[in-house]
Amino acid sequence: MKLYSYFRSSASYRVRIALNLKNLSYDYVPVHLIRGGGEQLKPEYRRVNQDGIVPTLVDDAGHTIPQSLAIIEYLDETHPEPPLLPGSAADRAHVRSIALQIACEIHPLDNLRVLRYLKHTLHVDDAAKDAWYRHWIESGFATLETRLASDPRTGKLCFGDTPTLADLCLIPQIFNANRFGIDTKCYPTLQRIHAHAMQIDAFVRAAPGVQPDAE
Ligand SMILES: N[C@@H](CCC(=O)N[C@@H](CS)C(=O)NCC(=O)O)C(=O)O
């Protein structure tokens with residue numbers, strides 16, 4: 001399998017964790033999101049992913065799959081152990097809804113192309129752009145903290161004590177928050193889950209700092 005990835009891309013980070021948990025080896029194909037205006041926008045990569053975003057998985061059978069959550073569910077269906085979604089429909093909906101709260105309500109608002117549009121098209125200054133970035137993480141994390149702190153299904157991780165799709169989305173989003181100096185002390189449940197996840201080898205090996213293209 002081939003994974004088109006960028007070390008700091010949190011959507012790629014989600015997939016790297018899934019591949020590691022399932023013990024699947026893959027070739028890492030780096031796509032530099034900044035250099036030369038962004039390799040993701042070049043025709044060579046657009047042939048693989050028309051949206052010009054990472055990650056993209058190309059599996060051994062030649063299937064090309066964009067979108068991290070679609071990739072993770074595909075891997076979960078084709079390599080069921082260990083499962084990344086719980087056994088009951090209600091619990092699966094719960095885990096997916098946490099994942100989507102991060103992947104749809106927080107992450108896209110702070111995507112590179114959105115930040116570039118704010119800066120270069122709307123001419124928002126750096127302070128306002130940073131405030132925008134923090135706002136969507138902080139407001140999203142506040143909701144998530146309340147939700148996870150009050151749900152009896154929350155364990156050492158988002159759902160019980162074993163990794164699920166929800167943790168695969170949360171941990172990379174916390175990495176982004178830390179990178180931008182957002183104080184995660186206000187979200188003790190998220191912080192506790194992060195500390196536990198970072199003791200799990202699959203999460204450690206997926207971290208941005210240890211990828212082949214890390215800078
Ligand atoms: N919904 C997509 C989001 C992918 C995405 O936003 N990728 C970012 C990096 S985390 C990207 O490639 N950005 C490039 C750009 O904005 O130009 C997924 O889950 O795969």
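The structure is a predicted model, in which local features need pLDDT of at least 70 and side-chain atom pairs count only at pLDDT 80 or more, whereas totals for chains, interfaces and linings use all residues. Residues are numbered from 1 along each chain as its sequence is written, and side-chain values use heavy atoms, with hydrogens and water left out. The chain holds nine helices and four strands, and its largest pocket has a volume of about 830 Å³.

**Overall fold**

- Along the sequence, the elements follow the pattern β-α-β-α-β-β-α-α-α-α-α-α-α; helices (H or I, at least four residues) and strands (E, at least two) are DSSP runs, numbered from the N terminus.
- The chain is as compact as a globular protein of its length, because its radius of gyration of 17 Å is close to the 17 Å that the globule rule gives for 215 residues. The radius is taken over C-alpha atoms, and the rule is 2.2 Å times the number of residues to the power 0.38.
- Taken along the principal axes, the box filled by the C-alpha atoms is roughly 45 × 45 × 30 Å.
- Of the 215 residues, 48% count as buried. Buried means under 20% relative accessible area, exposed over 50%, and partly exposed in between (1.4 Å probe, protein chains only).
- Among contacts with a separation of 6 or more, 65% join residues 24 or more positions apart, where contact means heavy atoms within 4.5 Å.

**Backbone geometry**

- The peptide bond from Val54 to Pro55 is cis, with omega near 10 degrees. Pro55 belongs to the loop between helix H2 (43–46) and strand E3 (56–58).
- A cis peptide bond also runs from Glu81 to Pro82, with omega near -15 degrees; Pro82 sits in the loop between H3 and H4.
- Asn23 is not a glycine, yet has a positive phi of about 60 degrees. Asn23 lies in the loop between H1 and strand E2 (27–30) and counts as exposed, at 68% relative accessibility.
- Gln67, likewise not a glycine, has a positive phi of about 75 degrees. Gln67 is placed in the loop between strand E4 (64–66) and H3 and counts as partly exposed, at 46% relative accessibility.

**Cysteines**

- The chain has zero disulfides, a disulfide being a pair of cysteine sulfur atoms within 2.5 Å.
- The closest cysteine sulfur to that of Cys158 is in Cys169, 9.0 Å away and therefore too far for a bond. Cys158 is buried, with a relative accessible area of 0%.
- For Cys186, the closest cysteine sulfur is in Cys158, and the distance of 18 Å is too far for a bond. Cys186 is exposed, with a relative accessible area of 52%.

**Largest pocket**

- The search uses a 1 Å grid over the protein atoms alone: a pocket is an open set of points with protein on both sides within 12 Å along at least five of seven lines, and lining residues have an atom within 4 Å of a point. Grid points are joined across faces, edges and corners, and the volume is the space filled by probe spheres set on the points.
- The volume of the largest pocket is about 830 Å³. Its lining comprises 35 residues, of which Leu33, His107, Asp110, Asn111 and Leu112 are the closest to its centre.
- At least two lining residues each come from helix H1 (10–21), helix H3 (68–78), helix H4 (89–105), helix H5 (112–121) and helix H7 (165–179). H5 supplies the largest share, four residues.
- The lining divides into 17 nonpolar, ten polar and eight charged residues. In this scheme Ala, Val, Leu, Ile, Met, Phe, Trp, Tyr, Cys and Pro count as nonpolar, Asp, Glu, Lys and Arg as charged, and the others, Gly among them, as polar.

**Two residues in their surroundings**

- Arg116, in helix H5, is partly exposed, with a relative accessible area of 25%. Leaving aside neighbours within four places in sequence, Arg116 contacts Leu33, Ile34, Gly37, Gln40, Leu41 and Thr121.
- The C-alpha atoms of Arg116 and Val95 are separated by 31 Å, with the two residues 21 residues apart along the chain.
- Ile72, in helix H3, is buried, with a relative accessible area of 1%. Not counting residues up to four places away in sequence, Ile72 touches Arg14, Val15, Ala18, Leu84, Leu165 and Leu168.
- Ile72 and Ile102 are 30 residues apart along the chain, and their C-alpha atoms are separated by 15 Å.

Conventions: 1 Å grid on protein atoms, 1.4 Å probe; cavity = no way out; pocket = protein on both sides within 12 Å on 5 of 7 lines; lining within 4 Å.
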